[in-house]
Amino acid sequence: MMTTAPPAEQAWLLRLGELRFRVFSGAPVVEVSPAQWGLDDRAVRQAAAGRRYRETPPGQAGFLRFEFAPGSFPPHFDRGPGTDADRRRLGKLLAGQEQFWASTRRLRLGRADVGAVAAAAGMTVVAEAADPTDRLLLLRRSGLPDEELRSRTRQRITRAQVWAGVGGLFAACAVAALVWGRLTDRALGPLLLVFGAAASLLVTGVAMRVVAGRSPRLPWLDAQFDGRSHAAVPYPVSLSTELLAEVASRYGYFYGGPVTTGRNETSHLFVKCRPGLVFGTPALPGPPGFEPPAGSPEREQWLRNHLDGRDELWISVRHAKLPPARIAEIAGGEGLSALAHFADPTDLILLLRRPSAPPRAPRKFRMSFAGFLVPAAWALLCFGGGAVTAVLDGDEHLFAVGAFLAVLGVPPLLWVLRVFPRSTRVGWLAGEFTGKAGVTFFSGQFDVSPELERRIAGYHGYAFRSETHTQAQGRLVTYVRYR
């Protein structure tokens with residue numbers, strides 16, 4: 001059983017995908033009517049910024065006008081010339097291939113090198129996708145239909161399967177070490193077994209990020225986009241979401257939201273869109289907005305207490321349990337005004353600020369650091385506590401227990417920020433955008449939808465660049481500053 005986004009929200013995401021990759025496709029000038037697309041102005045501006053377009057004065061009422069200005073954004077990946085050995089390796093990889101996605105970062109070759117080797121092998125570069133992390137070139141032989149892919153297997157070992165296997169091995173080793181220590185008087189053997197299991201976790205992590213990331217082959221990249229109506233693509237290793245979405249758009253697929261299977265695994269859902277079915281239909285409604293609650297006197301008093309003495313405050317309507325108009329009225333009585341609002345089907349976020357307040361100084365400490373510091377402190381406490389107790393009590397088995405608790409307790413601690421109120425977490429999320437050229441953080445700790453997250457980022461002048469996904473910590477997102 002798979003869980004996907006609601007149909008209305010999915011249609012909204014598909015329209016946004018078409019706008020990003022079919023309209024903002026490198027044309028010198030683009031004019032967009034948000035009303036015809038069923039999108040708000042901020043979503044259109046964010047899509048334009050993600051595709052390296054700069055807004056200019058509109059030419060007609062009701063339209064937004066953009067010009068392609070790649071020089072105003074961080075440059076895309078471009079590797080210099082490679083070596084003869086790298087070129088020979090690519091030539092061997094192309095032997096017998098009808099279609100091949102070449103990563104210039106993994107191949108350690110420049111764009112001109114890849115084109116020259118492809119021409120020698122009887123192939124041409126027919127498409128290109130790039131972002132600041134990598135540049136992908138699609139090499140094909142002549143005579144192939146536009147969307148036909150060669151026969152290939154889709155079976156590949158996923159990161160979830162690898163981590164499940166290694167995690168099961170570690171748990172088995174930890175249990176075996178505890179049983180071994182209880183049944184015998186030996187302490188060295190159980191400790192070595194636990195440390196060996198921990199070393200396997202470390203080696204697996206290094207191999208997943210380094211060895212797999214350097215592989216020059218991407219045979220799985222477009223295997224899912226074979227004409228089916230839906231394609232669920234697992235989160236890729238060492239490849240940004242932006243690049244994956246651009247590759248999917250080449251085959252007429254657009255992002256339709258995350259999809260969760262019965263095994264609690266999350267993948268990207270891409271939907272095959274054809275003219276007349278999904279895009280080109282502005283009458284399709286966007287995702288339903290968040291329905292604010294009726295409110296109560298108790299919550300009004302809570303809001304007044306919360307506003308007392310504050311110059312700036314982020315408020316979640318879902319958390320406040322008050323209508324937005326009532327929140328703005330109460331805030332006005334305290335001298336604050338609603339400076340901006342961000343809405344999606346899950347919540348409505350208001351930024352309240354006192355007009356006379358000075359500009360907010362960037363925070364040096366970001367709350368996302370807790371995703372790194374809290375697990376480290378927990379591991380140190382368990383390891384150190386187990387070692388000290390083992391020395392004082394003379395029971396070496398307690399050190400193994402401390403090691404087991406350190407690893408077992410880290411995943412729950414990664415969500416430590418979720419115990420705080422939602423309005424507080426939204427404010428901390430806004431504090432992640434400190435004005436630096438780029439910021440990276442684990443977004444799951446804040447428990448805010450990706451759409452709200454991107455809108456708050458856009459308000460601070462940041463555009464989404466990429467994301468990766470980990471089993472323990474969730475989405476690791478990167479945003480870059482464009483203004």
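Because the model is predicted, local features are described only at a pLDDT of at least 70 and side-chain atom pairs only at pLDDT 80 or more, whereas totals for chains, interfaces and linings use all residues. Residues are numbered from 1 along each chain as its sequence is written, and side-chain values rest on heavy atoms, with hydrogens and water left out.

The pLDDT, which is the predictor's confidence in each residue on a scale from 0 to 100, averages 76 over the protein chain, and 69% of the residues score at least 70. The pLDDT is below 50 over residues 148–155, a stretch that has 19 contacts (heavy atoms within 4.5 Å) beyond near neighbours in sequence. Over residues 275–287 the pLDDT is again below 50, and this stretch has 23 contacts in the model beyond near neighbours in sequence.

A102, placed in strand 4 (residues 99–103), counts as buried at 0% relative accessibility, the classes being buried under 20% relative accessible area, exposed over 50% and partly exposed in between, with a 1.4 Å probe and protein chains only. Leaving aside residues up to four places away in sequence, A102 touches L107, V114, R135, L136, L137 and L139.

R105 and D134 meet in one of them, at 3.9 Å from N to O, and since R105 lies in helix 5 (residues 104–107) and D134 in strand 6, the pair ties together parts that are 29 residues apart in sequence. R105 is partly exposed at 26% relative accessibility, whereas D134 is buried at 2%. E242 and R20 form another salt bridge, at 2.5 Å from N to O; because E242 belongs to helix 9 (residues 241–250) and R20 to helix 1 (residues 7–23), this pair ties together parts that are 222 residues apart in sequence. E242 is buried at 9% relative accessibility, as is R20 at 13%, and a network of salt bridges links R20, R51, E242, E246 and R250.

Rings of Phe, Tyr and Trp (its six-membered ring) pair if their centres lie within 6.5 Å, with planes under 30 degrees apart counted as stacked, over 60 as edge-to-face and the rest as tilted; the count comes to 13 aromatic pairs. W314 and F342 are stacked, because their ring centres are 6.0 Å apart and their planes at 20°, and both residues are buried. F433 and F441, with centres 5.9 Å apart and planes at 80°, are therefore edge-to-face, and ring pairs link F433, F441, F446, Y462 and Y479 into a cluster.

Technical notes:
Helices (H or I, at least four residues) and strands (E, at least two) are DSSP runs, numbered from the N terminus. A salt bridge is a side-chain nitrogen of Lys or Arg within 4 Å of a carboxyl oxygen of Asp or Glu.
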